[in-house]
Amino acid sequence: MIHFIHFESSDRTYFGLPVTLINSRLSRWCNLSKCSWLLFCFSNWNVVDTGYAKYQGNRSFENTVAYLGIPYAEPPVGDRRFRAPLPLNIGRIEAETSGKILNATQYPDFCVQGSTGAGDAGGAGTEDCLKLNVYAPFGAKKGDNFPVLVYFHGGGYVYGNPANWPFDGWINQSPNVIVVSVYYRLDSFGFLAVPEFEDPRIGDFNTGFQDQIQSLRWIQTYIPSFGGDPSKVTINGQSAGGGSVELHLIANHKGEHLFSGGIVQSAYRVPTPTPAQQQSLFAFYAIHAGCGIGSVAIQVACLRNASISALARAQDAAATSGLTYNAFHPVLDGKIITDYPSNLVIKGEFAQVPLIVGATSNETVLGGNNFTQALQEAFPELTSVDLEEFVKEYPLSEFESTSQQFQVATGESILICSREILGGAYAHATKAWTYRYNQPNPTSGSPAVGHAAENWMMFDGINTGFNGTGTFTPMSPVEKAFAAELVAYWLSFVRSGDPNTFKLDRSPTWEEYLTTGNHPKQRIVLQQPINNSKTNANSTSRNELDKKPLHVRREMSDADKKLLKSFDRGPRESVHKRSRLLAGFPLYAPYLCPSLSSQCQTHPRLIRLRLPKMALMKISRSYHQHPSSPVQHLHFFPKLETILHRRLQMQLLTLFDVILALSLAITQVPHRNSKWVHVPLIVCNDDWASLCRHFYWCQFDRATDCTSSFRCGTIQDAIHEEDIHSKTNFSTERMDRQPLCLVMEEDFNGGEDVVFGSGPGGEGGSFWREVNMDGFGNGEFEMTTASSKNSYVKDGILYLAPTLTAEEIGSDNVLGNNGAYIYNITGCTFNETAVNGGFIADPNGSGGQVFDYGGYYAACSATANTTAGTIVNPVQSARISTLMNARSGSGNGSTKYGRVEIRAKMPTGDWLWPALWMLPVNNTYGPWPRSGEIDIVESRGNGISYTANGANFVQGALNWGPSPQLNSVSKSYSWWSNKRVPFSNDFHTYALEWTTSFIRIYVDTRLHTLLEYRFDEPFFEKGDYPQTIVNASTGQVQALQDPWADPTTGLPKESAKGRWSSPFDQEFYLIMNVAVGGVNGWFPDGQGNKPWYDGGADAMRSFAEAQSQWYPTWPENLDDRAMAIDYVKMWRHCDGN
């Protein structure tokens, strides 16, 4: 009797008949005959019933189903932010789904990411991320009792996306296990800590780690539905994932038996701080997120209401803050993590389960040359005596270079020592196997076996990127064979607790790690055969003794040794540093040879074309059957053909570019779960700043000789439509495709008369000097002058330079030490810049207008008086704008929807505040900030060690709101960091793109996007303002009105269909200035030895009296001190929309 019929797919035949026909006929026949035997259509085998929901999985191989994005806890959003996870509310899911089959065929959104430290910014992802992926054999069912592997990803507890480590290939190789990969909260979202979290009403410690625990609890209850055995669970992780496994081994699980084995790969063993040691980090984070006021409970409540982007910016800033403890990592909470992990291991207080533990040969995640300094920063509690012992343990004489010394000393301390500590403890208590992985990532361009090298081999050639992205590189047959051996070892351990039981026959025996006997402390070396380049590979088994220092223990050529010295760097900086060495783009692109230095004038960069996978597969098949120009095969996919031909017509690509791009594309094997192929191109920056200039790009084949295989062509800047590595998830749909008309172009080659005009009031110039000393609403300490010492042109560069007022009138007169001193500024422009020419409503209530003499005297005069505590502004600087041209009606001083591009070098010196920004010409919606403000870039002149974001940070922002007290800038600002290089070192291009749909601000390239703000809902709704407000003039409570509503309808004004750009739908003019100090919070109190307090009545005097402290940081040469501007360009949409 037939018990079931299983048809594989709807396009196959069975006895010559289509399966679809057989299925439909049999189903109908069964219904009619009330048959008792079971008929399973092929799709039913992809559905699992957990008892509370049914999930449809993705059949990724004939024998494998991946159930993706299964929730295991309640979403940690709203008030649940910074709190321990709640168990999944299955009643809620049952009510919401009503028995429907849920789609689990796509990877879910990953958890909010932090920065990798390679110049990117975090923020991508979602908070509703407590989900997991289950990879199971096809047809697995309850009662199969397959052993389970649970994988916790790495990423320094800061970033990581489980989709980048797929396990369906593992199941395909060994369809007798279940694998689960877990999403858990990261960075501040998962590991914010402060002592007040002892009160659970305020928050919880280690929420990201508690997410992992909750996932293990869910597995204990529901993995049987997928065919798994909850009593046979092995936990596995690499880097921070390996560190997580180590923490689970010593954690207080309150008697719960959540796992039966562990695999620790390159455990990231950073300090486990106490909550008290994280207090400064919490304070820094709260301040930078806009929540630095009030008690900790109030600050945490504020942080719970803050946007993800605000928190992402704050956590990224913390990473480069210079604080002693500057990372959000697991803490010693006293409940789950009750003591330092090493102490618990030494005392034998750990889970008694079998263990595999190991590391790669050349581990490190730190960068630099001074290993003692790096260790001091990584382990703040190290003393000078400790560091002296390190120097003795790692003498330079035992290494080939200082870089190798650095790599070994830091790598063994942070990543490798867990092999010794855990291996020894577990060998004594249970069973342990240890390894050294010695196969380089072939895409790294280095013979060094760096951190995460085994991930490339075990996960389909993966190299992870920024914000959850990843690139899969095709693997050779030898590499695939070696990977199969590694996976077999791992899954044998999962199935039996021993890596040898189900290993591949060709693989060597992996000897157990012992601390006693004839051969103590033996480990296996996992490495491809050295001389096999064709077919299946046997692993090289070399059981070797642990000893220090851990060098690359194989013969290397002199060239290899030279490369090793160049490339011993950790992955946190490898993307940036290695590309600058012109020796490869290890995480994203084909091998790039050192010989490229003769082709690229400066540094290579990466762009990637995003092309449909199916199209390229068809093109590839056609191309290999009939080798010719790939363009001839485009007819297999008309949409792709249309796209590329449109680019050709727009002259964004040349035919040569298309041929080379597709030649590269068809050599890539797309990952099976992706609909798209991201084709990497190396770009040599000839002049990155200018729009639509040509770039060189070069393709290399690492399998052939470098000198003969490179090909170069040209590609234009507009190709950045296809960039995918943007910290703001840059989308090709948000491009300004409108024709642009030039409004203004000033390259400063014409001299000061051309720039500032030749008339007495600066008439006829491109820019107008504002002369004022009232602090511009921010309490700034400078006066701005029309003097050529503060704003001048030299050799085609415009300089805006701050100088001391004492150089003109003497320091005693600045401070009033010789009696009261009155200073009247020459050429004051108050009448030109004040609203209504300086006339205000009569404060006596006459109904008329009177001249604002108080405002005039504040702007044009100052009195130094020691009794009153007042002084003359101690610094003179420059503020220039296009206001006069904008008001003239000439159309060349302002823009509405278009582009602004400024190439500038930021100034150097403590408390300098450079800004390139824009204000509305007419204040259409009322006074600031109702009519808006666009800050293209602001920065600080303080050094990179300044803890509130120094000269290596720049910020872009939009200011808007119905009143100054309700300015919503906190919802629309963002930073970009140049890592350890200040923006005062060189010129950078700061660009604004502005349409009816969005505003984008970036530095040099859209890859470095400061801010991308979409007009996807009215600004009044974005602001989430209170319903009422107190009138400052009358003191009366009144309803808050939408200042941007259409006055005729009262509804929000649409700038385009479904788009609301008000107040950014009017003419704006450009301002460039260098401010000094101020009391508006731009320089936070208590940061960087700030010599004044914003709330102090004598703030400016305190600043002036500390001149001996800050003035030495200002370069003597004015050109070096100043903000330097190379050119300014402004465009508008030619149609005005």
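Predicted model: local features only at pLDDT ≥ 70, side-chain atom pairs only at ≥ 80, totals over all residues.
Contact, in what follows, means heavy atoms within 4.5 Å. Helices are DSSP runs of H or I with at least four residues, strands are runs of E with at least two, and both are numbered from the N terminus.

Residues are numbered from 1 along each chain as its sequence is written, and side-chain values use heavy atoms, leaving out hydrogens and water.

Let's start with α11 and α12. On the α11 side we have F371, T372, L375 and Q376, and they meet L387, F390 and V391 of α12. By class, that contact has five nonpolar, two polar and no charged residues. (Nonpolar is Ala, Val, Leu, Ile, Met, Phe, Trp, Tyr, Cys and Pro; charged is Asp, Glu, Lys and Arg; the others, Gly among them, are polar.)

Next pair: α5, residues 207-222, and α6, residues 240-250. Their axes, lines fitted to C-alpha atoms over the stretch in contact, are 11 Å apart, and the packing angle is about 70 degrees, on a scale from 0 to 180 degrees between N-to-C directions. F209, Q212, I213 and L216 of α5 make the contact with S244, L247 and H248 of α6.

Last stop, P1043. Where does P1043 sit? In the loop between β45 (1037-1039) and β46 (1068-1076). P1043 and F1019 are 24 residues apart in sequence, and 9.7 Å apart in space, C-alpha to C-alpha. Leaving aside neighbours within four places in sequence, P1043 is in contact with Y925, R930, P962 and F1020.
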